[in-house]
Amino acid sequence: PAHHLANLLAKTDRLAESKAWTEEILAEKPWHVGALSMMRIVCLRLNDEEAAMKWAVKGLPGLSPQSRTWRSEWVQENMDLANEKLAELQK
């Protein structure tokens with residue numbers, strides 16, 4: 001899968017290519033937790049802290065009691081988005 005390729009590219013310091021693949025993944029599946037994490041990592045390795053923060057905020061919130069509500073909202077928003085994409089494909 002594309003996410004595995006993006007990971008491999010990042011591990012071999014082909015960061016621009018990894019970022020491009022990850023952007024493609026997120027264009028299709030903005031809820032892809034692995035791709036969201038990869039974007040944050042790649043941006044940090046490219047010394048783009050602003051972009052890394054942008055992607056970190058979009059990621060799945062942690063499991064702490066303080067972030068339970070935020071996590072539930074994140075899941076619901078992304079389930080709605082996935083259902084919208086599915087409906088578009090079924091037209």
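Biologist: What does the secondary structure of the protein come to, and which pattern does it follow along the sequence?
Modeller: In this predicted model, the C-alpha trace of the protein spans about 40 × 35 × 20 Å along its principal axes. Its secondary structure comes to 5 helices and 0 strands, and read along the sequence the pattern is α-α-α-α-α.

Biologist: How do H1 and H2 pack, roughly parallel or roughly antiparallel?
Modeller: Helix H1, residues 2–11, packs with H2 at an angle of about 160°, and their axes are 8 Å apart. Because angles over 145 degrees count as roughly antiparallel, the relation of H1 to H2 is roughly antiparallel.

Biologist: Which residues make the contact of H1 with H2, and how do they divide into nonpolar, polar and charged?
Modeller: H1 passes H2 in a left-handed crossing. From H1 the contact takes Ala2, His3, Leu5, Ala6, Leu9 and Ala10, while H2 brings Leu15, Glu17, Ser18, Trp21, Thr22 and Ile25. By class, these residues are 8 nonpolar, 3 polar and 1 charged.

Biologist: Is His3 buried or exposed, and which residues does His3 touch?
Modeller: His3 has its place in helix H1. Its relative accessible area is 15%, and since buried means under 20%, His3 counts as buried. Setting aside residues up to four places away in sequence, His3 touches Ile25, His32, Gly34, Ala35 and Met38.

Biologist: Why does Met38 count as buried, and with which residues is Met38 in contact?
Modeller: Met38, which lies in helix H3, counts as buried because its relative accessibility is 8%, and the cut-off for buried is under 20%. Leaving aside neighbours within four places in sequence, Met38 is in contact with His3, Ala6, Asn7, Ala10, Ser18 and Thr22.

Biologist: How are H3 and H4 arranged, and which classes of residue make up their contact?
Modeller: The axes of H3 and H4 come within 8 Å and cross at roughly 165°, so the two helices are roughly antiparallel to each other, and their crossing is left-handed. H3 contributes Leu36, Met39, Arg40, Cys43 and Leu44, and H4 contributes Glu49, Ala51, Ala52, Trp55, Ala56 and Lys58. By class, the contact has 8 nonpolar, no polar and 3 charged residues.

Biologist: What percentage of the residues of the protein count as buried?
Modeller: Among contacts between residues at least 6 apart in sequence, 39% join residues at least 24 apart. Of the 91 residues of the protein, the share that counts as buried is 26%.

Terms used. Residues numbered from 1 in each chain as written. Predicted model: local features only at pLDDT ≥ 70, side-chain atom pairs only at ≥ 80, totals over all residues. Heavy atoms only, no water. Helix = DSSP H or I, 4+ residues; strand = E, 2+ residues; numbered from the N terminus. Buried < 20%, exposed > 50% of the residue type's maximum accessible area, 1.4 Å probe, protein only. Contact = heavy atoms within 4.5 Å. Axes fitted to C-alpha atoms, helices over the stretch in contact; angles between N-to-C directions. Parallel < 35°, antiparallel > 145°, perpendicular 65-115°, else oblique. Left-handed = near helix turned anticlockwise from the far one by under 90°. Nonpolar A, V, L, I, M, F, W, Y, C, P; charged D, E, K, R; others polar.
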